[in-house]
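Q: I am new to this structure and would like to learn how to read its features one at a time. Could we begin with what it takes to call a residue covered?

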Amino acid sequence: MNTPTYEEVIASDAFRNDLNDLNHAIADSLMQAGEPVAINGNVCYGHMQQDFHLGDLEPAMEPKRRALFQMAQESSCFAELGVAGGHAALLALHSNPSLTFVGIDLGQRLRQSWPPVDVYVPVVFNWFENRFPTRVKLYLSDAIDGLRQAAVDQPFGPIDLLHLDAMKNNRIAELEAAWPGLAERCYLLQGDNKNGHVKASSEKLIAEGRARRVTSSRFQAIQSANYDVLETGPGVAAGRVSLASLKDDRILLCVCHQDDETLFCGSTLSHLKDRADVTIASFFRPAPNRRDTETREAAMQSVCDALGASRIQFPFAVERDHRRLRRFIEMPSASEDHPPEILRPLNRHPLFELLSGSAFALMEQIKPSTVITHNHVGEYGHIEHVLLHHAVAQAARRFEQARVLNFGVGLQEVDLVVPSWPERKNSLYDEYLPQWNGRRMYDFALSDEAFVVQDVYEIES
């Protein structure tokens, strides 16, 4: 069954009927209490919007609705602090029929200027429990106590989408209360992002390494001052890398040659198609007098098209037998246990600053959150791979805003293994045929793909 679009969900009879029923339940409770028919602002309506139940959806909140829809479709358990009228919950539950919801709201009118949440929040809770009896767990509770209890109970398993939309000056404490119940990687949707306290909490979480910005263009296209989208959770805080952690990233893949992207990363990039923004940069032009000299660049472009990736080709270097480079890097003769030896500072080699400077300029241009490149042994001992490894590391040290992953081929210990996807990877190899056949040339060609997290400050160039 095809996944519905945002437009299809918003226009569906199921959503519209539920929205109408929920709104009239809230409105009726307010009228019976002698209160104006108005509620707190949310993803569907403006703050204190009179007779909201008779109006249409608030246009200014369209970006946040779309962001919530996107995240709900990719999540399994949505927790919200500040349920209020329940409109975010309703949209999320309709966006993903498998999604479960945990809601927390105090339900007390702490300030006279507030809408009468003490009147309509219990009504909202009752409505959701009747409409979605197996998919919701609701806590009429103080924020911190409710989040702590939800983290202990985990009624639907770990929380992988958290919406903080209540008080504005206590967000970090709220996240810490929910922390034991979070999935390894959890979307954090911050409401009221115009507020200085909210912005400061996001910046502090990022500075402390407890959260990262979501850089995917899927969310950039729907950015708004009304909200902020981060990813957080124990896995993010620990710096653990996984295939899921690469989703929503802006990824820069730096390779020496046309074919390296398929050899070392083809399955991984296939898994990330339409789930991450990928740019693939090749730093060396094809060597002359090869069977595939004239076809390699076109083949790589076809691979990038198939992967939904952008492609950059730098003109400065040509693949060749670099005799001079061997005066800088001595490759081991046999044993895989001995890495290449750097004989002279690499920045003295005439290609090094061109490669590193180009990589840095590209990082400054596209602002990647993850950079992937060759490793320090050159995978199978390729000296140009080693050179680019050091050049990209230097560029990443200057850039300071991206984690760096190295290909795992040739390394004994790795941090991430991505299962091979032979069908997709074979289709990428086909683009290079008949002039080049990596499947025959390399014994690892269709194996699982491995990566290691590189500390760019551990090596000197």
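A: A residue counts as buried when its relative accessible area is under 20%. With that cut-off in hand, and bearing in mind that this is a predicted model, we can turn to helix H16 (residues 383-399), which is mostly covered, since 16 of its 17 residues are buried.

Q: What span should the 17 residues of helix H16 have, and how far apart are its end C-alpha atoms?
A: At 1.5 Å a residue, helix H16 should span 24 Å, and its end C-alpha atoms are 25 Å apart, which agrees. The residue that follows H16 is Glu 400, whose phi is positive, near 70°.

Q: In what order do the strands of the open sheet lie, and which are the edge strands?
A: Strands of a sheet pair through backbone hydrogen bonds, and they may do so in a parallel or an antiparallel way. Here seven strands form an open sheet with mixed pairing, in the order E3-E2-E1-E4-E5-E7-E6. The edge strands are E3 (136-140) and E6 (211-213), each of which pairs on one side only. Direction ignored, neighbouring strands of this sheet are turned by 20° against each other on average.

Q: In which sense does E2 pair with E1 and with E3?
A: Strand E2 (100-105) pairs with E1 (77-81) in the parallel sense over five bridges, and Cys 77 stands opposite Thr 100 in E2. The pairing of E2 with E3 is parallel too, over five bridges, with Val 102 opposite Lys 137 in E3. Helices belong to this part of the picture as well: E1, helix H4 (residues 87-95) and E2 make a right-handed β-α-β unit, and E2, helix H5 (residues 117-131) and E3 make a right-handed β-α-β unit.

Q: Why is E2 described as largely enclosed by the rest of the structure?
A: Six of the six residues of E2 are buried, so the strand is largely enclosed by the rest of the structure. Both faces are covered, with Thr 100, Val 102 and Ile 104 buried on one side and Phe 101, Gly 103 and Asp 105 buried on the other.

Q: Which strands do helices H6 and H8 lie across?
A: Helix H6 (residues 143-153) lies across E1, E2, E3 and E4, running at about 150° to E2. Helix H8 (residues 196-207) lies across E5, E6 and E7 (227-232), running at about 155° to E5. As for E4 (residues 159-164) and E5 (residues 182-191), they pair in the parallel sense over five bridges, and Leu 164 stands opposite Gln 190 in E5.

Definitions and conventions: Residues numbered from 1 in each chain as written. Predicted model: local features only at pLDDT ≥ 70, side-chain atom pairs only at ≥ 80, totals over all residues. Heavy atoms only, no water. Pairing = 2+ DSSP bridges. Helix = DSSP H or I, 4+ residues; strand = E, 2+ residues; numbered from the N terminus. Axes fitted to C-alpha atoms, helices over the stretch in contact; angles between N-to-C directions. Contact = heavy atoms within 4.5 Å. Buried < 20%, exposed > 50% of the residue type's maximum accessible area, 1.4 Å probe, protein only. Right-handed = clockwise from strand over helix to strand, strands pointing away. Expected span 1.5 Å × (residues − 1).
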